[in-house]
Amino acid sequence: MSNDPGGVIPGPSSSRSISASNSASVQQQPAQLSRYESQKRRDWNTFGQYLRNQRPPVALPQCNYSHVLDFMRYLDQFGKTKVHIQGCVFFGQPEPAGPCTCPLRQAWGSLDALVGRLRAAYEENGGTPETNPFANGAIRVYLREVRDAQAKARGIPYKKKKKRRRPNSEQGMTSSSSFHQMQ
């Protein structure tokens, strides 16, 4: 008989060691990432690849808000949102009657979510909040301009949603105490 462990037929004692090793390998595997965490990781890797592909390549510590703006403009070529240009006959119409040659762009909401994920990923990967290029004011200005331009091109003005007011905790106690008094 050879000393090769692969050729041994498991008996009662060896099956315990196999199940123990299987449970150990299950415990060693990282937990399933949430959809948000998976997307954040993909976005972070994509941004890192974008920086490496620059000529000359840009190291993450040298990255600034202009690289982030360039990245967002670069992503426009993969967008799926039709943004009518000023001279288009469909400019300002919420539901155009036909096709046109206007470019496809990244939707404002997608860019806004992307920046939020990358902002968090930057700090999770060792960056400080003070040096976070995704938190720069120029990024917020750019996103506001994209939002306004896309809303104007569709003829639908952007309206900020009002925050719902939460009932005051005192009000909740008053109504429940009056309920008990009625009984």
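I looked up E37 first: it is partly exposed, at 29% relative accessibility. (Buried means under 20% relative accessible area, exposed over 50%, and partly exposed in between, with a 1.4 Å probe and protein chains only.) The model is predicted: local features need pLDDT of at least 70, side-chain atom pairs count only at pLDDT 80 or more, and totals for chains, interfaces and linings use all residues. Residues are numbered from 1 along each chain as its sequence is written, and side-chain values use heavy atoms, leaving out hydrogens and water.

Next I checked the partner of E37. K40 and E37 form a salt bridge, 3.2 Å from N to O. (A salt bridge is a side-chain nitrogen of Lys or Arg within 4 Å of a carboxyl oxygen of Asp or Glu.) K40 is buried, with a relative accessible area of 3%. (Helices are DSSP runs of H or I, at least four residues; strands are runs of E, at least two; both are numbered from the N terminus.)

Then I turned to R117 and D43. Their side chains meet in a salt bridge at 2.4 Å, N to O. R117 belongs to helix α4 and D43 to helix α2, so this pair ties together parts 74 residues apart in sequence. Both R117 and D43 are buried.

I also noted D148. It makes a salt bridge with R147, with the closest N and O atoms 3.2 Å apart. D148 is partly exposed, at 38% relative accessible area. Shared partners link E37, K40 and E124 into one salt-bridge network. My count by this rule is five salt bridges.
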